[in-house]
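This report describes one protein, beginning with a local feature and ending with the chain as a whole. Please keep the sequence and the structure in view while reading.

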Amino acid sequence: MVNASLANQVEQLTAIINAVPTAVIVVAPGGTMTLVNHQAQQLFGYGSEELLGQSVDMLLPQRYRQAHPALRDSFQTQPSARPMGAGRDLFGLRKDGTEFPVEIGLTPLETEEGTLVVSSINDISERKRLERRFRATIESAPTAMVMIDAQGTMVLINKELERLFGYQRDELLHHKVEMLLPPRYQAEHPSLRSGFFAAPQARRMGVGRDLFAQHKDGEEFPVEIGLSPVQTDEGTFVLAAIVDITERKQIQDAVKESEENFRLMVEGIQDYALFMLDPKGRVASWNSGAHRLKGYDEAEILGRHFSCFYTPEDIQAGKPQKELEIAKTQGRCEEESWRIRKDGSRFWANVIISALRDKQGKLRGFAKVTRDFTERKRLESLFRATVESAPIAMVMIGGDGAIQLVNAETERLFGYQRAELLDKPIEQLLPERYRPGHPAMRTGFFATPQARRMGGGRDLFALRKDGSEFPVEIGLNPVSTEAGTLVLAAIVDLTERKRTADATLQQLNDELGRSNVELQRFAYVASHDLQTPLRNVASFVELLNATYGQLLDDQGKDWIRRITQSVKQQQLLVKDLLEFSRVNAQSHPFERLPARQLVDIAVTLLESSLRESHAEIQCGELPDVTGDRSQLVQLLANLIGNAIKYRSDAPPLVQISASHQDGEWCFAIKDNGIGMEQRYLERIFEIFERLHDQRAYPGSGIGLAICRRVIQRHGGRIWVESSPGQGSTFYFTLPEQPEDKA
Ligand code: ADP
């Protein structure tokens, strides 16, 4: 039975509990439910008639039912508003038999019937789920994490923290976080902690100071700690993420140690980013060049993975990791590609990554040098474009002779596709016969590279893909690049030019030939016709002298002597000129002749002057030669004659010898005469070139010109070595198989 006032109270209470958003059940002292609101019916899945008057234990899982009455009684003896369960996990039981986590608040309500208990029940399934997820996330985080409450008690730790500090979880949970600090920091820590809780916000701990943690074994290690406040129903907690920076510190220390060297090394190089990565690829140090080049501050980039410098395409392709892998296995990785600055802009980077290892060979991290090659790339593209569009074939080769670049004209000229040439040896473009000797020449060029014409005057030929050859002219230019010296060869096809040149040369030769023949004919006729009047003058002067010589006074006699001398001189000149013009005009066919015999004939011709001068002729062993007998005799007579004529005070000694080299005979006629100055050595072979006065040494200045003609006709060369007072040696060569060049 419920009296009026109670009924009244119940009515009011029902209105209230139906208005609140949580499930509410009012329980009488004996444990029976006297009121349940809609939310409670919904939560447990019962209708009100199924609940009212029943024991509240029916809403508890079976395992708690036995203990429940006693707990209820204890509440009755000390009724106060409080949460039920004192920290234990509570569960409700639905009509369908499923359990769910709950949170229950108890409020005593004094009535005439005794103390009623108003219990508000919250389904905390969702919160529990989130909490589980939160814990799982923390548990599996690769970073050591610990959550503490405002008193510094550790309420949550993860596996990585256990590993890092060497403790078991139970040794840490519900203990003060200070146990993870080196003793010297423990005293000041609680006040710092309170400071954080007073104004909690996510931040780096101990900014500017070096932080240290202490392992269970007492060993200290440097750390970096991030703090994040976590708001929960139970108040504010702090989640601390602790990173062991031993490795990073080692790298930084190493950097500091050699900082001076570094500074000197990078000084003045503006586009140089130099930084370190830890073994996992996270940035561990940062220099000012890196800041300039990439735009990141040291504070924001330290600890970030270096893949943030790569383009999305490269990241997609796994390039950052691949490059570390190469550096790790090969010690170094160099490459060029696009990179990204903090502001998103791209630059063409030359990157060198080197692995850093300690003495034991353990990987400590990586040093990375990045340079901005954007401008260089632009110039290179420009260079390539220029080469590509040049109207001349251009080929660039490296020191190993491999083709690195060809232009469109090269493809056209040689008939290859570009891909058939790149990376192939340059010798592919040479006729077979030049290939063996080419690498040595190439090495020679690379040894002292300078822009020059190739081939030093030799005719050069190139080979097309179809096997045909063509004459070329090649200009070589060294190009210094990062990768060492390369050579850019410009190849000009001479086919057309050669054709025109040959035609022109032929024409000139024909003309020259014609005028030579005319000239020789003139010289022959002139000198021949001059001989008769000269002979007449000589005869009449002789007659005059014989007949009237006695009548003449000294003056007259002197004149006669002078006329005679001039006529002799004139006759000599005419004779020599006639000889000279005959060299080509009256030549005899070549024959095989013993040179010794030719010398003997020449000596006979010189009989009188030999005798007069007491000259000695020494003749070594001489070969058989092929040539024009009378011309060769004349050549020898001229040379031996000169050797005697241009004698010094000593009796003349003429030594004749011959040696064989490169398919020709080289003759030497050596005298002990007056010799001559260096500057005349070439000139004396010119016609009418004489070094002496007629009175000192009579002559026409034609003898050596005749010698040169004879030798030219035989396809040889003639020259002299001499110095004043030292005698002279005249050399001439005769090919073993001369072709008549008349
Ligand atoms: P030349 O009729 O004057 O001898 P060549 O043509 O034979 O004419 O010689 C030209 C010049 O070369 C001579 O005048 C002489 O000065 C010089 N010469 C030729 N042979 C000798 C020699 N064996 N020793 C010194 N000088 C020589």
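## A pair of strands

In this predicted model, strand E1, made of residues 23-27, pairs with strand E2, made of residues 33-36. The pairing is antiparallel and runs over three bridges. Within this pair, Val26 stands opposite Leu35 in E2.

Together, E1 and E2 form a hairpin, with five residues between the two strands. Gly31 lies in the turn and has a positive phi of about 100°.

## Secondary structure and overall dimensions

## Burial and contacts

Of the 742 residues, 39% count as buried. Contacts between residues at least 6 apart in sequence were also examined: 51% of them join residues at least 24 apart.

## Surface and charge

The protein exposes about 41,800 Å², and carbon and sulfur atoms supply 54% of this area.

How many positive and negative side chains does the protein have? There are 89 positive and 101 negative side chains. The centres of these two sets lie 2 Å apart.

Definitions and conventions
Residues numbered from 1 in each chain as written. Predicted model: local features only at pLDDT ≥ 70, side-chain atom pairs only at ≥ 80, totals over all residues. Heavy atoms only, no water. Pairing = 2+ DSSP bridges. Helix = DSSP H or I, 4+ residues; strand = E, 2+ residues; numbered from the N terminus. Buried < 20%, exposed > 50% of the residue type's maximum accessible area, 1.4 Å probe, protein only. Contact = heavy atoms within 4.5 Å. Areas by Shrake-Rupley, 256 points an atom, 1.4 Å probe, with all protein chains shown as cover. Lys, Arg positive; Asp, Glu negative; His and termini not counted. Charge placed at Lys NZ, Arg CZ, Asp CG, Glu CD.
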